[in-house]
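Biologist: I am new to this structure. Please take me closely through the aromatic pairs and the strands around them.

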Amino acid sequence: PRQAAIGYYYATYFYIGAVLEMSNNEVSVGSNYSYGLYVRPSNGRIIHDGLNRYTSGDIYVYHTTHSENSHFILNQSIMLQSVSVTCDASTSVNCVNHTVGMYNSVAKTVNIGMAKANNMTVDVSDFTFDTLSVTASAPVEMVSLSAQRVVGDTMTWYFASTAKALVSSITDSNIEKLIAITVNGYTDGSTVLNRTDAGRVTLAGEFKVGSSYQVDQCNVINTVSTITTAFMNSAIFRDSLFEIRRTVIDTNGIFAFYSNNHIYAGAVHRLVNNFIRTTYPSTITS
């Protein structure tokens, strides 16, 4: 195992009523494979504002038990290897009234994870990364998730259990390889891709009453011939909306757009004013 140098290290438990506040600190470690910040808040609170600056290393924030009213902002930080802000995956752990914001920074890997979550806000803007993932292993409710003006290779949103009143969006961004979204038991919420470029888009899970998935003014352009589908929809829709407007879907693979799951009563699939093309050599014979 690597021997990590650590700028800030808090492994002790922060119990209910305890608070760790960090503001206006500059943190630099001697190697990119070291921790600039390592903290396990337990069910206490962490208040980390956007005045802290990191110039290398890893950031690790891990809530081990139920926690409320934590606030973690990362701003104007560069040369980060990994940023991980997560809650324990146990279904008994609930994140309530949490805010995670990441702005004007560069990191190779970003992981934002939760088990249960209620009234949680995740906002990522003007951020460059290789991979960014947002995951939930248990039911979530009233979660706001947005990405604006981000640049990266791969973005993954995965909600394994039910999602109620989840509002999510990806806007004015460029994801070179893949945007992959999976939402299960999705009710009373919306997911929007707007003015965003991607090499490939996939959608999975189950959209139920009052939920929607909408794509508008995007470019999904795949140039890798070994990838068979540029836009893959394998989600189930019930009393919900799937819509693509004013979007380019272009590939040299076999399928430009492919939808292969069930559409139940009350669901609407709508495709309007799109350009959809594959330049893959035809294998159809007369």
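Modeller: Here is a walk through the aromatic pairs, then the strands.

This is a predicted model, so local features need pLDDT of at least 70, side-chain atom pairs count only at pLDDT 80 or more, and totals for chains, interfaces and linings use all residues. Residues are numbered from 1 along each chain as its sequence is written, and side-chain values use heavy atoms, with hydrogens and water left out.

Start with the rule for rings. Rings of Phe, Tyr and Trp (its six-membered ring) pair if their centres lie within 6.5 Å; planes under 30 degrees apart are stacked, over 60 edge-to-face, and the rest tilted. The count by this rule is 13 aromatic pairs.

One of them joins Tyr-35 and Tyr-60. Their ring centres are 6.4 Å apart and their planes stand at 65°, so this pair is edge-to-face. Tyr-35 sits in strand 4 (residues 35–39) and Tyr-60 in strand 7 (residues 57–63), so the pair ties together parts that are 25 residues apart in sequence. Strands here are DSSP runs (E, at least two residues), numbered from the N terminus. Both Tyr-35 and Tyr-60 are buried. Buried means under 20% relative accessible area, exposed over 50%, and partly exposed in between (1.4 Å probe, protein chains only).

Now take Tyr-213 and Phe-242. This aromatic pair is stacked, at 5.7 Å centre to centre with 10° between the planes. Tyr-213 is in strand 21 (residues 212–216) and Phe-242 in strand 25 (residues 241–245), so the pair links distant parts of the chain, 29 residues apart. Tyr-213 and Phe-242 are both buried. They also belong to one aromatic cluster, with Tyr-186, Phe-207, Phe-231, Phe-237 and Phe-257.

A charge can also meet a ring. Arg-238 lies over the face of Tyr-264, 4.0 Å from the ring centre. The rule asks for NZ of Lys or CZ of Arg within 6 Å of the ring centre and within 35 degrees of the ring normal.

Return to strand 7. It pairs with strand 10 in the parallel sense, over 7 bridges. Two strands pair if DSSP finds at least two bridges between them. Ile-59 has Val-83 in strand 10 as its bridge partner. In strand 10 (residues 80–87), 7 of the 8 residues are buried, so this strand is largely enclosed by the rest of the structure. Strand 10 is also joined to strand 12 (residues 99–114) by 6 bridges, and these two run parallel. There, Thr-86 has Gly-113 in strand 12 as its bridge partner.

Conventions
Helices (H or I, at least four residues) and strands (E, at least two) are DSSP runs, numbered from the N terminus.
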